[in-house]
Amino acid sequence: MKTKLICCVMLLLCTMAASAQKLSFNHGPYLQNMGSDEVTIYFTTSTEAYSWVEVIGDKWTKPQRFATVFAGQYDAYTKENRVRVTGLRPGVQYRYRLISKEIKEYRPYKVTYGDSIASSWEHFTTLNPKQKSFSFLLTNDGHDKPQKVKNLLGKFPINNVDMVFYLGDMISYYDKEEAPYYGYIDPSVEMFAKNKPFISIRGNHEMRGKLTRNYMNLIGCPNNRFYNIAYFGNTVIVMLDTGEDKPDTQPVYAGMNCYDGYRMEQLEWLRKEAATKRFKAAKNKIVLMHIPPLVADDPNIPEEHAATELEKHFKPLFNEIGIDIAISGHTHRYILIEKGERDNNFPILTNDNKSIMRVNSDSKGIHVKIVNEKDEVLLDRVFN
Ligand SMILES: [Fe+2]
């Protein structure tokens, strides 16, 4: 009887605590899938809500409302929001804010709304396909260290670049919902991501943990793929999803991985992409891939399996299609393999886990500057 009473009191307290939770914006907003005519705005709320985005700017004198709609229903009674804003013009600045209406109760025939909240106005500028240069910051292997991410992002003025790339292993594993937010999304929001987009490329560590299959809900993945290609002015960026480092048969993967076939799927996809006129016409061709196409250690250790596969299959393809540079992380070491050192017609650059690079791609070539946590310049050079 006494146990029953304690349970009832506990239940009551839990219910009161839940109902007392005020509606607020928890994470974001952060910009994904930035294009010349669209962007997707990601954010979360503390409780279930019905949310949308208001956008103003350019020729819109009144705020335009954008919400996610699927099969005749607006996205609602959710905490996670991804709102695609379309119909934008290239190279134009817009302002936006988030609106959320709490859903206190959602009965089949009666919905009860609670408080409404609005964020402050933020801004973004769409990309311009005619831009003469493309610039970005890139860091990798943050491994759940938000302060390190913020320190590195502070090494270059973010206002002067088009976006930020994260080249994998920004978290060590994904077994708590908060992990990607804690590791790098929240620091990005704090530093730039309300106003400039980032693109997140998976490392092998983002593929670990029981929530790994939810990762696509948190980052923009055009065509519902983790590997992609994007054109910015006269630059093409190839983004590969290099999989786990060790063989699929490794006991720790419990028989649930099949990355060997997945890498070959990307090889064939890239072969087709590279045959297009647009790819051939691009002045600078940059490949971003977490694991480098380079066996950097003992080839006999399981950790070098993916690198061996990538060097064997992708390096010849990169030679064939005229890649200008391949940039990676993963090794936690700064490595620069010059063109021709290992049957490679392009430099292979591996960033360590304590540095950030600024890349500027224009008609003169690809300028890469790497600075580490101690402000030491590891590389400052134009590849052309
Ligand atoms: Fe890695």
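Domain bounds, as used in this talk, come from an automatic or database domain assignment. On that basis, the protein chain is divided into domain 1 (24–125) and domain 2 (134–383). The centres of the two domains, taken over C-alpha atoms, are separated by 29 Å.

Two remarks on the source are required. This is a predicted model, in which local features need pLDDT of at least 70 and side-chain atom pairs count only at pLDDT 80 or more, whereas totals for chains, interfaces and linings use all residues. Residues are numbered from 1 along each chain as its sequence is written, and side-chain values use heavy atoms, with hydrogens and water left out.

I begin with the interface. Contact means heavy atoms within 4.5 Å; by that criterion, 16 residues of domain 1 are in contact with 17 residues of domain 2. Buried area is the accessible area (1.4 Å probe) that two parts lose on being put together, summed over both. Domain 1 and domain 2 bury about 1500 Å² between them, with 48% of it on carbon and sulfur atoms. Of the area that domain 1 buries against domain 2, His27, Tyr30 and Gln32 supply 38%, more than any other three residues.

Which side chains meet in a salt bridge here? A salt bridge is a side-chain nitrogen of Lys or Arg within 4 Å of a carboxyl oxygen of Asp or Glu. Between domain 1 and domain 2 the count is 1 salt bridge. The side chains of Lys194 and Glu122 meet in a salt bridge at 4.0 Å, N to O.

Helices (H or I, at least four residues) and strands (E, at least two) are DSSP runs, numbered from the N terminus. On the side of domain 1 that touches domain 2, β1 (25–32), β2 (39–57), β6 (78–85) and β9 (122–125) each supply at least two residues. Strand β1 gives the most to that side, with 6 residues. Strand β1 also contains Pro29, and a cis peptide bond, with omega about 5°, joins Gly28 and Pro29. In general, most residues other than glycine have a negative phi, and most peptide bonds are trans.

I turn next to positive phi values. Buried means under 20% relative accessible area, exposed over 50%, and partly exposed in between (1.4 Å probe, protein chains only). His143, in the loop between β10 and α2, has a phi near 45°; at 14% relative accessibility, His143 counts as buried. Asp343, in the loop between β17 (335–337) and β18 (348–350), has a phi near 55°; at 64% relative accessibility, Asp343 counts as exposed.

Helix α2 (residues 146–153) is mostly covered, with 6 of its 8 residues buried. Its buried residues pack against several elements, including α3 (179–193) and β19 (355–362).

Finally, the structure as a whole holds 20 salt bridges. One of these joins the side chains of Lys155 and Asp375 at 2.9 Å, N to O. This pair links distant parts of the chain, 220 residues apart. Lys155 counts as partly exposed at 25% relative accessibility, and Asp375 as exposed at 52%.

In helix α4 (residues 259–274), Asp260 and Arg263 are 3 residues apart and so are separated by about one helical turn. Asp260 forms a salt bridge with Arg263, the closest N and O atoms being 2.8 Å apart. Asp260 counts as partly exposed at 28% relative accessibility, whereas Arg263 counts as buried at 2%.
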